[in-house]
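Hi,

Here is the structure I promised to pass on.

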Amino acid sequence: MTFAANFLENCVSVIKKIDEQAIEKAANLLLKIRNNGGRLFIIGSGGGAGHASHATCDFRKMCNMEAYAPYDNVSELTARVNDDGWDSTLVNWLRVSKFHNQDGLFVFSVGGGSAEKNVSMNLVNAIDFAKQNNAIVIGIVGKEGGYTAKMADAAIVIPNLFPKLVTPITEGLQAVIWHLLVSHPNLQANPAKWEGMGSDLSGVSP
């Protein structure tokens, strides 16, 4: 079996083990945030930050949700890191945004952070801040023992079936799941471009 075939087969195996009820719970909480006029703040580091930027676009455009990716502003991010340190970057961004109990925090992370191991403390502190403000926390993570999975109101955990592929499978399936969420009939307000054009795409350039 080729590496490609094996990787794809592994992804299928992991997908079959994901808790679909956790996804439905996340969809219901996102609907609650929107119905209450709240905002969605999407966070992550590294690949999670990239996901946050893309997902923010999708939730705004397809779900009519007011959503933000705090790390998209590299000038503010680097100023805060330089002046205050990494761990407080997200909390201070949320404070300036007047984050409140109708808002939601959406976390993309492989490990989900750990206060005990001092890992991803920017995420840990942001989650604590959200909980202190009685806001909803949602996460898609790759570790059920991480801080996000323990603290989130809805934690979608990507099972670790293949230890050597935890990061690539987790980050790949995070994208699948957020696209599931923005396509969910309870959330989607506007179709994506190609779906909105209908089935007759003859003569349309890719």
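Let's start with two helices: Glu 76, Leu 77, Arg 80, Val 81 and Asp 84 of α4 meet Thr 89, Asn 92, Trp 93 and Val 96 of α5. By class, the residues of this contact are four nonpolar, two polar and three charged. Contact here means heavy atoms within 4.5 Å. For the classes, Ala, Val, Leu, Ile, Met, Phe, Trp, Tyr, Cys and Pro count as nonpolar, Asp, Glu, Lys and Arg as charged, and the others, Gly among them, as polar.

Before going on, the ground rules: this is a predicted model, with local features needing pLDDT of at least 70 and side-chain atom pairs counting only at pLDDT 80 or more, while totals for chains, interfaces and linings use all residues. Residues are numbered from 1 along each chain as its sequence is written, and side-chain values use heavy atoms, with hydrogens and water left out. Helices (H or I, at least four residues) and strands (E, at least two) are DSSP runs, numbered from the N terminus.

Back to that helix pair. α4 covers residues 74–84 and α5 residues 89–96, and they pack at an angle of about 120 degrees with their axes 10 Å apart. The axes are lines fitted to C-alpha atoms, for helices over the stretch in contact, and angles run from 0 to 180 degrees between N-to-C directions. α4 and α5 are therefore oblique to each other; under 35 degrees would be roughly parallel, over 145 roughly antiparallel, 65 to 115 roughly perpendicular, and the rest is oblique.

On the α1 side the contact is made by Phe 7, Asn 10, Cys 11, Val 14 and Ile 15, and on the α8 side by Pro 168, Ile 169 and Leu 173. That comes to seven nonpolar residues, one polar and no charged.

α8 (residues 166–183) also holds Thr 170. Thr 170 is buried, at a relative accessible area of 1%; buried means under 20%, exposed over 50% and partly exposed in between, with a 1.4 Å probe and protein chains only. Leaving out residues up to four places away in sequence, Thr 170 touches Ser 109, Val 110, Val 141, Gly 142, Ile 158 and Leu 165.

Now the sheet. It is open, with five strands in the order β2-β1-β3-β4-β5 and parallel pairing. The edges are β2 (67–68) and β5 (154–157), each pairing on one side only. Two strands pair if DSSP finds at least two bridges between them.

What sits on either side of β1? On one side it has β2, running parallel and joined by two bridges, with Phe 41 opposite Tyr 68. It also pairs with β3: β1 (residues 40–43) and β3 (residues 104–109) are parallel over four bridges. In that pairing Leu 40 has Gly 104 as its bridge partner, and Phe 41 stands opposite Leu 105. Leu 105 in turn has Val 137 as its partner in β4, where β3 and β4 (residues 136–141) pair in the parallel sense over six bridges.

In a regular strand the side chains alternate between the two faces of the sheet. In β1, Leu 40 and Ile 42 on one side and Phe 41 and Ile 43 on the other are all buried. For β3, six of its six residues are buried: Gly 104, Phe 106 and Phe 108 on one face, Leu 105, Val 107 and Ser 109 on the other. Helix α3 (residues 47–63) lies across β1, β2 and β3, running at about 155 degrees to β1.

Asn 64, in the loop between α3 and β2, has a phi near 55 degrees, a positive value in a residue other than glycine. Asn 118 also has a positive phi of about 55 degrees; it is found in the loop between β3 and α6 (121–132) and counts as exposed at 57% relative accessibility. Pro 185, in the loop between α8 and α9 (193–196), is exposed as well, at 70%.

Cheers
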